[in-house]
Amino acid sequence: MRKAWVMALGLTILAAGTMVRAHDMDKDGGAKKATLTGTLVDVACYLGDNETGNDHMGMKKCGTECLKSGSPAGLLVDKKLYVLAFPASAFAEYVGKQLELTGEVYPGDVLIPKKAAEVDKDGKKKNINIRGKAMM
């Protein structure tokens, strides 16, 4: 678990540095608007142990607890990981679930979501209220 926390801290610093660099860009300087659908993951557990679900490492809702504690969230789309530059706690209850996120993708595969929806097995979408939860 300590390895996961160290990795989470490193990823948070990396994401923050990317955000600063992205903020310095002009309006169209590298950011692309996108709508992505994939599995929401706890980045530390995914990178450290290839875990994509919520229950892992012998713990129920491990992913949820990690995101509530500050571990970064990510969206896994066809084996490509997008790190979310957004408070992970806003997505804590959705670890292991399919989400559709609309926002801006910056270099380094950093995604700032503007809209979010959970996608069920039948393809039906349920909006997730993330408005007002960003630190920016």
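Figure 1. Of the 23 residues in the largest nonpolar core, the ones that touch the most other members are Leu36, Leu40, Leu84, Phe91, Leu99 and Leu101. At least two residues of this core come from each of strand 1, strand 2, strand 3, strand 4 and strand 5. A second, separate core has five residues, including Val41, Val43, Tyr46 and Leu76. A nonpolar core here is a set of buried Ala, Val, Leu, Ile, Met, Phe, Trp, Tyr and Cys residues joined through side-chain atoms within 4.5 Å. Buried means under 20% relative accessible area, exposed means over 50%, and partly exposed sits in between (1.4 Å probe, protein chains only). In soluble globular proteins, nonpolar side chains tend to be buried together.

This is a predicted model, so local features need pLDDT of at least 70 and side-chain atom pairs count only at pLDDT 80 or more, while totals for chains, interfaces and linings use all residues. Residues are numbered from 1 along each chain as its sequence is written, and side-chain values use heavy atoms, with hydrogens and water left out.

**Figure 2. The whole chain, for orientation.** Three helices and six strands make up the list of elements in the chain, and reading along the sequence gives the pattern α-β-α-α-β-β-β-β-β. Helices (H or I, at least four residues) and strands (E, at least two) are DSSP runs, numbered from the N terminus. The chain has 136 residues, and 43% of them are buried. Take the contacts in the chain with a separation of 6 or more: 63% of them involve residues 24 or more positions apart. Contact means heavy atoms within 4.5 Å. The accessible surface comes to about 8,100 Å², with 52% of it belonging to carbon and sulfur atoms; such areas come from the Shrake-Rupley method with a 1.4 Å probe, and for residues only the protein chains shown count as cover.

**Figure 3. Strand 2 and the strands paired with it.** Strand 2 (residues 73-77) is largely enclosed by the rest of the structure, because five of its five residues are buried. Ala73, Leu75 and Val77 cover one side and Gly74 and Leu76 the other, and all of these are buried. Strand 1 (residues 32-42) runs antiparallel to strand 2, and four bridges join them. Strand 3 (residues 80-84) is also antiparallel to strand 2, again with four bridges. Two strands pair if DSSP finds at least two bridges between them. Leu75 is a handy landmark: Leu75 is the bridge partner of Leu40, and Leu75 also stands opposite Tyr82 in strand 3. Two residues sit between the strands in the hairpin of strand 2 and strand 3, where Asp78 takes a positive phi near 50 degrees.

**Figure 4. Close-up on Leu101.** Which residues does Leu101 contact, leaving aside its neighbours within four places in sequence? The list is Ala34, Thr35, Leu36, Leu75, Leu84, Phe91, Leu111, Pro113, Lys115 and Ala116.

Figure 5. Asp42 is part of strand 1 and is buried, with a relative accessible area of 2%. Not counting residues up to four places away in sequence, Asp42 touches Gly63, Cys66, Leu67, Ser71, Pro72 and Val95. Leu81 belongs to strand 3 and is buried too, at 17%. Leu81 and Thr39 are 42 residues apart along the chain, and their C-alpha atoms are separated by 9.5 Å.

**Figure 6. Salt bridges.** How many salt bridges does the structure hold? There are four, each a side-chain nitrogen of Lys or Arg within 4 Å of a carboxyl oxygen of Asp or Glu. Side chains of opposite charge can pair when their charged atoms come close. One of the bridges joins Lys80 and Asp109, with the closest N and O atoms 3.5 Å apart. That pair links distant parts of the chain, 29 residues apart: Lys80 is in strand 3, and Asp109 is in the loop between strand 4 (98-106) and strand 5 (110-119). Lys80 is partly exposed at 37%, and Asp109 is partly exposed at 27%. Another bridge brings together the side chains of Lys125 and Glu100 (2.8 Å, N to O). Lys125 lies in strand 6 (residues 125-128) and Glu100 in strand 4, so this pair ties together parts 25 residues apart in sequence. Lys125 counts as exposed at 52% relative accessibility, whereas Glu100 counts as buried at 18%.
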